[in-house]
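Please look through the structure below before reading on.

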Amino acid sequence: MRTQLTAREQVLAIMVGAVIFIFLNFIIIDYFLKNRARLSAELAQNSGALEAMKRQLSEKPVWEQRDAWLQESQPKLGAEDSAGVQLLDAVKELAKKNSVEIVTPSLRLPSYLPEYVSISVDLETTSTWASLIAFLHELQGPEKFVVLESTNLKIDEKDATHMRSHLRIAKWFAPKLKPK
C-alpha cells in the first residue's frame, strides 16, 4: 500500500532529486568537455601531421634527386683496416698545410649505422684561431663526406694567442648492404 508524502517530505525529495540531477549534469558536462578538449588536441596533431605529409609529398622529387646524388657520390668503404689510416694521413696533411699542430692523434673503431659507416679519428691540436678555421673549412665539404662528430675548443693556457682543440673527425661511407 502506498502512502502519501507530506509537504515537507515532498520538498525534501524534490531537493534531493535536484541535487542528484545537478551532480549528474556536472559529471556528464565534465566528461564531454574533457572529451572535446582531447579530440581538439588530436585534430590539431593530426592536421599538423597531414600538412607535414603533404609538404613531404610535394618535395618528393627534390629528395629523390638528393638520394640519387648521395647513392652516386658517397664513397664506398673498401678496406676497413686502411680507411682510418688514410683519413688520419689526409687530416695530417691538411693540418700541416694550414699550420695546425697535431699533438695526439688516435684511431677509433668504425661505427656501423643504417645510413652510413663512420670511420673516425680523435685529434688534439694547437693552432691559431685563423689557422684552425682555415683547416676546418678545407677539411669539410659536401663532396668529401667528412664531418666533425665532436669538438672541444679552449684557449691554450701556455699561449693565449693559440687555441687548443680536441676534435673527432669522421668520414662517412656508404652503408654496408645486408645480403638478402
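**Phe-135 and its surroundings**

Leaving aside residues up to four places away in sequence, Phe-135 touches Val-91, Leu-94, Ala-95, Asn-98, Val-100, Leu-167 and Ile-169, where contact means heavy atoms within 4.5 Å. The model is a predicted one, in which local features need pLDDT of at least 70 and side-chain atom pairs count only at pLDDT 80 or more, while totals for chains, interfaces and linings use all residues. Residues are numbered from 1 along each chain as its sequence is written, and side-chain values use heavy atoms, with hydrogens and water left out.

Phe-135 also belongs to the largest nonpolar core, which has 16 residues; Val-91, Val-121, Leu-123, Phe-135, Leu-136, Leu-139 and Ile-169 are the ones that touch the most other members. A nonpolar core is a set of buried Ala, Val, Leu, Ile, Met, Phe, Trp, Tyr and Cys residues joined through side-chain atoms within 4.5 Å. Buried stands for under 20% relative accessible area, exposed for over 50%, and partly exposed for what lies in between (1.4 Å probe, protein chains only). Two or more residues of this core come from each of H3, strand E3 (117-128), H4 and strand E5 (162-173). H3 gives the most, with five residues. Helices (H or I, at least four residues) and strands (E, at least two) are DSSP runs, numbered from the N terminus. Another core, of five residues, lies apart from this one and includes Leu-77, Ala-83, Ile-119 and Phe-173.

How are the buried residues of H4 arranged around its axis? The buried residues in H4 are Ser-131, Leu-132, Phe-135, Leu-136 and Leu-139. They lie on the same side of H4 because they cover an arc of only 135° around the axis, the arc being that of the directions from the helix axis to the C-beta atoms. The buried residues of H4 pack against H3, E3, E4 and E5. Ala-130 and His-137, on the other side of H4, are exposed.

Salt bridges come next. A salt bridge is a side-chain nitrogen of Lys or Arg within 4 Å of a carboxyl oxygen of Asp or Glu, and the whole structure has seven. One of them joins Lys-97 and Glu-138 at 2.6 Å, N to O. This pair links distant parts of the chain, with Lys-97 in helix H3 and Glu-138 in helix H4, 41 residues apart. Lys-97 is exposed at 58%, and Glu-138 is partly exposed at 23%. In another, the closest N and O atoms of Arg-164 and Glu-124 are 3.0 Å apart. Here strand E5 holds Arg-164 and strand E3 holds Glu-124, 40 residues apart. Asp-30 and Lys-34 are four residues apart in the helix, so about one helical turn separates them.

Most residues other than glycine have a negative phi. Ser-99, however, has a positive phi near 60°, and Phe-145 has one of about 55°. Ser-99 is in the loop between helix H3 (80-97) and strand E1 (101-107), and Phe-145 is in the loop between helix H4 (129-139) and strand E4 (146-155). Ser-99 is exposed at 58% relative accessibility, whereas Phe-145 is buried at 10%.
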